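Have a look at the model first, then read on.

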Amino acid sequence: MLSAVGSSDVPRRARGALEAAIMDVLWQAGRPLSPGQVRELLAASGDATARQLSYSTVVTILTRLHVKKVLARKRVGRSFHYAPLADEAGLEARRLTALLDGSADREAVLSRFVADLSDSDEELLRRLLGSAGGRPGGDAR
Amino acid sequence: MTLPLVVCLTVLFPLASMFLARPIAARTDPRWGTWLLTGAAVALAACSGLALTLVTFAALVRVPFVAALGRWSPAVIDRGDTTSAVLAIVTGLLLGMALTAAARFALRRGRALAEAFRHARGLPGRGQVVVTSDAAADAYTVPGRPGRIVVSTGMLDSLDDVGRVALLAHERAHLSGQHYAFTSAARLAAATNPLLRPLAEAVEFTVERWADECAARVVGDRRLVAETIARAAVAAKHGGRRRWSAAMLGAVFPRPDGGPGPVPRRVAALLAPPPRRRWILQAAVVAIALAAGVLAVEAARDMHELLETARYPR
C-alpha cells in the first residue's frame, strides 16, 4: 500500500476521506492548483477535518495522489501545480458508470462485491462483528 | 389435461419451491444451492409453460378448422379429455403473456450481457483487474471473455492486505463460476412465471455466498472474509459511492419480510460454521422438480397419442 508516505497529524483512517475532499476540490476547480490554493479551497469547504489541514499535509496527500497516478503535476515556479489525471482507467470507469445509470438490467449482469446497506443492516453488522472483531469498517471520516 | 393438472404445474409446484428457496439459500452449501435452485427454476418454468401450451392446444384442435389443418378426426379427438373453452382462453392468455415476458427479458438481458462483454474487452490494460482512480469505494466484476474485475482505489484503501486478497478471490469466483449465467437463467424462468421470483432472488444470493466461500478457502479464515465484507459495505455506504445503484432492487422494492439485507446475511453465514449439504432440503427441491416434470411429460404424451390416433391415414 502507498500509505507508507504518511504524515503523522492525520489519522490513518481519515486519509481516504481527505483524498476524496482534495479530489473534489480539484475536479471542481477544473484547472491545475497549487497546494496553497487547494488548502484555501479546502478551508472554504464544509469539511471540519479538511479545514484544519496544514500546508505540509496537503502537499503530502497531493504527492501521494500523484504517486498513485490519480493526479498530474507540473512545475510552476518553485512549487508544483496539480490537476486530476484524466487517466484511461478513470475515464473508462466513468463511461461505464454513466452507461450503467440508465438500466437496471445492466446493473444486474455486474456482480457488485457488496450490495447497498440500509441503516438497520449496518447496525446488524456492528452487532454481528462487534464482540471480537472491533467495529466493522471503522469510520471513513 | 385438465384444470387440476394446470393448477399443479403453474401454481402449486412453484409455490412449494418458493418455501424451500429461502432455507436452501440460507443453509445449504451455496454451490449446490445455486445449481439446484437454478435447475428447479428452469424446470418448473418449462413445466408450467408446457402445461399452458397443452391445454390451449387441446382446445384448439377441437376447432374444426384447426382439426382440418392438422388432418385430425374430430370424432376421435372428442373421445379425449374435455377442455372447457374458458379455461383454454385463460391458459392461452397466460401462455401469451409468459412468452412475451420471456422474449422481452431475453432481449434485455442479452443486450446487457453483450454490452458487458464489450466493456470487458474495452477496459484498459490486459490484466484481469482494473483499478480505477475513484475515492468512492466500489468493486464489481464485468462478465466477458475474459471477464474483468473493476476495483476503485477507494475500495482498495478501505481494506487491508488480507481484505484485498479476499475481495479479489470473491470476484474471481464470480468470473470462473460464470455466475451471471445462473442468475440470468433463473431470472428468465421467473419472467415466465412470477411465482418463481423467490427462486431467482435466492440464486442471486447463493452466487454471492458461493463466491464468499471461495474467498474464505483462499484466505483460510471465514471470519476475516466476513469482516472484509462488512468493512467494504460500510466504506461503500459512507465513502460517497455514486448512487447509480440506489434506484436498484433493494432500495426501490422493500424486502418482502423487512428482514436483513444480503450483506448481513452473508456475514452471518460466514461467522456460522461452514455450510453442509442438506440432503432433505435438497431432495425436496429435486422431488418437486421431478414430480412436475413427470406430470408434464405424461400429459404431453397423452396429447401426442390422442393426436396420433386421430390423424387420418394418408
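In this predicted model, B:V142 sits opposite B:R148 of β3(B). Strands here are DSSP runs marked E of at least two residues, numbered from the N terminus, and two of them pair if DSSP finds at least two bridges between them. B:V142 lies in β2(B), whose residues 139-142 run antiparallel to β3(B). A hairpin of five residues links β2(B) to β3(B).

On to the other partner: β1(B) runs parallel to β3(B), and there B:V131 faces B:V151.

| Strand pair | Bridges | Direction |
|---|---|---|
| β2(B) and β3(B) | four bridges | antiparallel |
| β1(B) and β3(B) | four bridges | parallel |

Strands of a sheet pair through backbone hydrogen bonds, in either of these directions.

How much of β3(B) is covered? Five of its five residues are buried, meaning under 20% relative accessible area with a 1.4 Å probe, protein chains only. B:R148, B:V150 and B:S152 point one way, while B:I149 and B:V151 point the other way.

Zooming out, the open sheet has four strands in the order β3(A)-β2(B)-β3(B)-β1(B), with mixed pairing. Its edges are β3 (111-112) of chain A and β1 (129-132) of chain B, each pairing on one side only.

A bit of bookkeeping: residues are numbered from 1 along each chain as its sequence is written, and chains are lettered from A in the order in which they are written. Local features need pLDDT of at least 70, and side-chain values use heavy atoms, leaving out hydrogens and water.

Conventions
This is a predicted model: local features need pLDDT of at least 70, side-chain atom pairs count only at pLDDT 80 or more; totals for chains, interfaces and linings use all residues. Buried means under 20% relative accessible area, exposed over 50%, partly exposed in between (1.4 Å probe, protein chains only).
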